[in-house]
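Me: I have a structure open and would like to talk it through with you. Can we go step by step?

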Amino acid sequence: MEARTVDYSRTTITELMIPSFANFSGKVHGGLLLSLMDKVAYVCASKHSGAYCVTVSVDGVEFKEPVEVGELVSLAASINYVGNSSMIVGIRVVSLKPKTGIEKHTNSCYFTMVAKNEDGSLMTVPRLILESNDDMRRFYDGKILKKMRRQISEVLDREIKDVTEQAMIESLAEDRCDVAYEREKL
Ligand SMILES: CC(C)(COP(=O)(O)OP(=O)(O)OC[C@H]1O[C@@H](n2cnc3c(N)ncnc32)[C@H](O)[C@@H]1OP(=O)(O)O)[C@@H](O)C(=O)NCCC(=O)NCCS
């Protein structure tokens with residue numbers, strides 16, 4: 001399959017924040033923003049792969065600034081990294097107050113999307129052509145992210161599987177929780 005540039009699938013969507021997106025104090029729900037991120041990630045990944053894609057995981061979502069009703073939220077997405085069937089889509093979210101022209105960067109995050117064939121099997125996605133140092137840096141970061149995610153899940157699997165109930169209670173002694181269930185007598 002023909003390799004594609006980052007520009008080929010670069011996508012931006014802009015949405016006006018209306019009252020039904022917000023809570024009682026006029027701040028937009030985080031879940032609404034997540035849904036917009038998922039949408040732009042899908043568009044970007046399906047353009048790159050030319051296929052149906054599914055969301056596999058989301059990294060680095062944090063809301064640094066509240067978004068308010070009346071603001072224009074723009075989500076810019078581009079393919080940062082491709083594996084065999086997976087693509088890491090980098091998303092940058094900015095919110096503009098049209099009256100003042102003031103723009104704030106509300107968050108950046110990474111969506112991992114996987115391309116699927118018609119029969120649901122994994123599809124090999126096109127290679128990515130890196131046309132600038134930024135493209136290369138992002139690809140490299142994506143490779144590290146993929147490796148670290150794998151390491152984290154291996155460590156968690158190992159740690160949680162091997163820890164005893166007593167060890168867990170001891171390690172939580174200084175934390176802000178009370179163990180308040182009846183423990184089985186051994
Ligand atoms: C994601 C999915 C395809 C993985 O299937 P699998 O049989 O475990 O396949 P693999 O382990 O070979 O992983 C396939 C790719 O996904 C990546 N992947 C798997 N789990 C991942 C995770 N938790 N985070 C990031 N990437 C992941 C793998 O690294 C691999 O990438 P590569 O092909 O580029 O090397 C499968 O779990 C799935 O279909 N999940 C449902 C996704 C979905 O429906 N999303 C919509 C939410 S409702």
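Me: Among contacts between residues at least 6 apart in sequence, what percentage join residues at least 24 apart?
Reply: For the protein that share is 73%, where two residues are in contact if their C-beta atoms, placed from the backbone, lie within 7 Å. Please keep in mind that this is a predicted model, in which local features need pLDDT of at least 70 and side-chain atom pairs count only at pLDDT 80 or more, while totals for chains, interfaces and linings use all residues. Residues are numbered from 1 along each chain as its sequence is written.

Me: OK, and what pattern does the protein follow along the sequence?
Reply: Read in order, the pattern is β-α-β-α-β-β-β-β-β-α-α, which comes to four helices and seven strands; helices (H or I, at least four residues) and strands (E, at least two) are DSSP runs, numbered from the N terminus.

Me: Switching to the ligand, which residues are around it?
Reply: The shell consists of Val54, Thr55, Val56, Ser57, Gly83, Asn84, Ser85, Ser86, Thr112, Val114, Leu122 and Arg149, a residue being near if its C-beta atom, placed from the backbone, lies within 6 Å of the molecule.

Me: Which element gives the most to that shell?
Reply: That is E3, with four residues; strand E3 (52-59) and strand E6 (102-116) each supply at least two.

Me: And how many of the shell residues are nonpolar, polar and charged?
Reply: They divide into four nonpolar, seven polar and one charged, with Ala, Val, Leu, Ile, Met, Phe, Trp, Tyr, Cys and Pro taken as nonpolar, Asp, Glu, Lys and Arg as charged, and the others, Gly among them, as polar.

Me: Now the largest nonpolar core: which residues touch the most other members?
Reply: Of its 32 residues, these are Ala41, Met87, Val89 and Ile91. Such a core is a set of buried Ala, Val, Leu, Ile, Met, Phe, Trp, Tyr and Cys residues joined through C-beta atoms within 7 Å, and buried here requires 20 or more other C-beta atoms within 10 Å of a residue's own, with C-beta atoms placed from the backbone. Helix H2 (30-49), strand E4 (72-82), strand E5 (86-97) and E6 each supply at least two residues of this core, and H2 gives the most, with seven.

Me: Which residues in H2 are buried, then?
Reply: Those are Leu33, Leu36, Met37, Val40, Ala41, Cys44, Ala45, His48 and Ser49.

Me: What does valine 89 touch?
Reply: Leaving out residues up to four places away in sequence, Val89 touches Ala41, Cys44, Ala45, Ala77, Ile79, Asn80, Tyr110, Phe111 and Met113.

Methods
A residue is buried if 20 or more other C-beta atoms lie within 10 Å of its own, exposed if 12 or fewer, and partly exposed in between; C-beta atoms are placed from the backbone.
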